[in-house]
Amino acid sequence: MPFIYQPKKEKKLSITPSIADSSHIINSYAGEWTSIGENNHIIESTFGDYTYTMDDVSVNYAEIGKFCSIASHVCINPVQHPMDRVSQHHMTYRKVAYDFANEDDEALFNWRRTQTVKIGHDVWIGHGAIIMKGVEIGTGAVVGSGSVVTKNVEPYTIVVGVPGKPIKRRFSKEVEYRLLEIAWWDWPRKKLETHFDELNDLDAFLKKHG
C-alpha cells in the first residue's frame, strides 16, 4: 500500500487558552492565545499571553512570560526530595497516600514553592531541556536542546550543555537594550497586528520603534 502524506491541520487559537485534554494542571494560570500541549503536567505555574508548550512538558512552581516557546519533553523546576532525612522517599511527605498519617507534610511543599523558576518573554527552550529550581532566564534567551540550566541566564543569551553555559549572545548589547526598552511583548493586540510584518526585519524594526 503506497504511503500517503497528510499534513496536520493547524489548530486555530484564540484569546481563550487551548489546553489538551490529556494534560494534568493544578492551580495554574494561562493568558490569552496560549496553548498547552499533550500530556503536560503543570503545578502552580503561570503562562503569559501567546506562550505555548509542546507534548510531555513538566512545569512546577514557575512564572513564565509572554511569547515563550517550550519544546517537547522540557522539564521546568523538577521538584526536590528531602535529602537530609533518613529516607528520601515521598512517603515521608505524602503521608496520607501511604496511610502513615492524616495530613501530608505541608512544610516541604511550601519550601518547594519558594524555589520558583522565572522565565522572561520570548524565550525559546529546546527539546528535553531541564531548568533547575530557582533559576531565572532573561527575556529573549535560548536554551539549547538537552541542556540542564543550573544558573541564571542573561537576556538574549544562548546557553547549551550540561550544565548549561552561555556560548553567544543573539545581538549586541546596544540592540538588546533597545529591544528591552521597546518591550514589544507588552503591545496590545491591535498594535501587534499593525506592526506584525516588521517582526521579521530587525534593522527596520529598530529604526522605526527604537
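I looked up the largest pocket of this predicted model and noted about 510 Å³ of space in it, a volume being the space filled by probe spheres set on grid points joined across faces, edges and corners. For a pocket I took an open set of points on a 1 Å grid over the protein atoms alone, where a 1.4 Å probe fits, with protein on both sides within 12 Å along at least five of seven lines; lining residues have an atom within 4 Å of a point. I noted 20 lining residues, with Phe67, Asp122, Trp184, Leu199 and Asn200 lying nearest the centre. I recorded the lining as 15 nonpolar, 2 polar and 3 charged residues.

I turned next to the open sheet, whose 5 strands run in the order β3-β6-β9-β12-β15 with parallel pairing. I noted that β3 (29-30) and β15 (136-137) are at the edges with a single partner strand each, so one side of each has no neighbour in the sheet. Strands here are DSSP E runs of at least two residues, and helices H or I runs of at least four; pairing needs at least two bridges. I found β6 (residues 46-47) joined to β9 (residues 62-64) over 2 bridges in the parallel sense, with Ile64 of β9 as the bridge partner of Phe47.

I then looked up Leu206, which is in helix α4 (residues 202-209). Leu206 counts as buried at 4% relative accessibility (under 20% relative accessible area, 1.4 Å probe, protein chains only). Beyond neighbours within four places in sequence, I listed Val175, Arg178, Leu179 and Ile182 as contacts of Leu206 (heavy atoms within 4.5 Å).

For the record, residues are numbered from 1 along each chain as its sequence is written, and side-chain values use heavy atoms, with hydrogens and water left out. Local features need pLDDT of at least 70 and side-chain atom pairs count only at pLDDT 80 or more, whereas totals for chains, interfaces and linings use all residues.

Notes
Ala, Val, Leu, Ile, Met, Phe, Trp, Tyr, Cys and Pro count as nonpolar, Asp, Glu, Lys and Arg as charged, and the others, Gly among them, as polar. Buried means under 20% relative accessible area, exposed over 50%, partly exposed in between (1.4 Å probe, protein chains only).
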